[in-house]
Amino acid sequence: MPSPMKQCEYSQIAAQSSSPMESPKKKKIPHRKWEVFPGRNKFYCDGRIMMASQTGVFYLTLVLIVVTSGFFFAFDCPYLAVNITPVIPAIAAVLFFFVMGTLLRTSFSDPGVLPRATQDEAADLERQIDVANGSNSGSGYRPPPRTKEVIINGQTVKLKYCFTCKIFRPPRASHCSLCDNCVERFDHHCPWVGNCVGKRNYRFFYMFILSLSLLTVFIFAFVITHVILRSQKTGFLNALKDSPVSVLEAVVCFFSVWSILGLSGFHTYLISSNQTTNEDIKGSWSNKRSKDNYNPYSYGNIFTNCCAALCGPLPPSLIDRRGTIQSDTPQAVVPPNGITTYGATQTQSNMAAAVTLLQNESSPTSEEPPLPGKMTISPPCATLVLGQPTPPPSTSNLATVTILTDTVPLTEQSEGHHFLTPEEAPSPPGMLNPGTPLTQSHTMLILSAVIQDSMHEDSVRGLVKLSSV
């Protein structure tokens, strides 16, 4: 007894398999740009704080400043406020808070990181380089140029290509190997502050080392004053025994003040000449290279150079680390077949693939079972828009229009129609046996060209299983 014709019906499934064995491990979906930042940086407080990956020396700096100043306030300031003046602890407190503020501002801020080129921008830049190289080269291969030259105040400046960030670095920018970022107006990477020093935090770095120099000299001077005043009353040895912490403060300040003062003087020279540490070490504007070599960024006036470095407008951050990831940001998408595809958008990832399934039910379009040896037309397996339910006929913006024919016997539709024989009909391997009756879907698909270009080949593929009586 022949079984009833199986009907193709549609059902929507999720992009990921519901089976616990097939579903991949759930991962946290990033919502902020700092969560997918490509550089080697650490972020805290939802991206508000940005630091280098190596912060051990920074914490040492923090401990030295806080502990030394704390000892001074606890063991020296009470004696000095009573015997000299209470202004001393007030001045020390102002210097301490100013030092801490500038240190944290330098360490926790964006130094001027340049955003990396996207895949499209990098590919376009590579094409421009290849075109420029191809127009000048002969038949042999020639490596593409990786430098550009610009004129700044009459001085030729080379722009180098960064193979990591895929950009031509702007003037005075350099790539930090520790943070793995290109930094605008790169000065140096300072482990003591745990961050790079660049265009956006250089002024805070300079104010930090300058105020730290004043605080170190201030503490050292009044610690010595404290010991001298005590020694005048009880003797030098008894003074050391009465205040051993003051001796420790004096030793720390004595060995620290020279390096801090030297660093402050060096950066004062750099600011007055409008140079960076990177340029000074390389000798970029030294007269030894050429007699005509000069610094094109200098204003020719010490006061103007200092105002430009310390009082100019602070440029905004270019990386927008706390910005939200838009829906069109390229992300990895897991399709139903379990293969991860890259480059799909989040909108496409939320769509579900339409897959045809066979159900063991009789066809509702015909109450009578089909006659033996007679071919019938089953309802067609149409192609649905991904992740969308079947729209009503009145919808105007259909991505796929399907014209379906009614289910009628073969004798009534034989005129004007040609039905494929089982040998002519294409079928997937292993789906149909030769010589069996075939159900034919007479379907016309009109697909939009724009949708065809945007859809991925794997996301519109369905599995159609056909069986016969």
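A residue counts as exposed when its relative accessible area is over 50%, and as buried when that figure is under 20%. Keep that in mind as we look at this predicted model.

Let's start with phenylalanine 255, which sits in helix α6. Is phenylalanine 255 buried or exposed? Its relative accessibility is 61%, so it counts as exposed.

Now for the helix itself. α6 has 30 residues, and at 1.5 Å a residue they should span 44 Å; the end C-alpha atoms are 44 Å apart, so the two figures agree. There is still a bend of about 35° in α6, at valine 257. Just after the helix comes asparagine 274, with a positive phi of about 55°.

Next, over to the strands. β4, β5 and β6 form an open sheet, in that order, with antiparallel pairing. β4 and β6 stand at the edges and have a single partner strand each, so one side of each has no neighbour in the sheet. Here is where the strands lie:

| Strand | Residues |
|---|---|
| β4 | 147-152 |
| β5 | 155-162 |
| β6 | 167-168 |

How many bridges link β5 and β6? The two strands pair over two bridges, in the antiparallel sense. If you want to find a bridge in the structure, look at tyrosine 161: its bridge partner in β6 is phenylalanine 168.

Definitions and conventions: Residues are numbered from 1 along each chain as its sequence is written. This is a predicted model: local features need pLDDT of at least 70, side-chain atom pairs count only at pLDDT 80 or more; totals for chains, interfaces and linings use all residues. Side-chain values use heavy atoms; hydrogens and water are left out. Helices (H or I, at least four residues) and strands (E, at least two) are DSSP runs, numbered from the N terminus. Buried means under 20% relative accessible area, exposed over 50%, partly exposed in between (1.4 Å probe, protein chains only). The expected span of a helix is 1.5 Å times one less than its number of residues. The bend at a residue is the angle between axes fitted to the seven residues ending there and the seven starting there. Two strands pair if DSSP finds at least two bridges between them.
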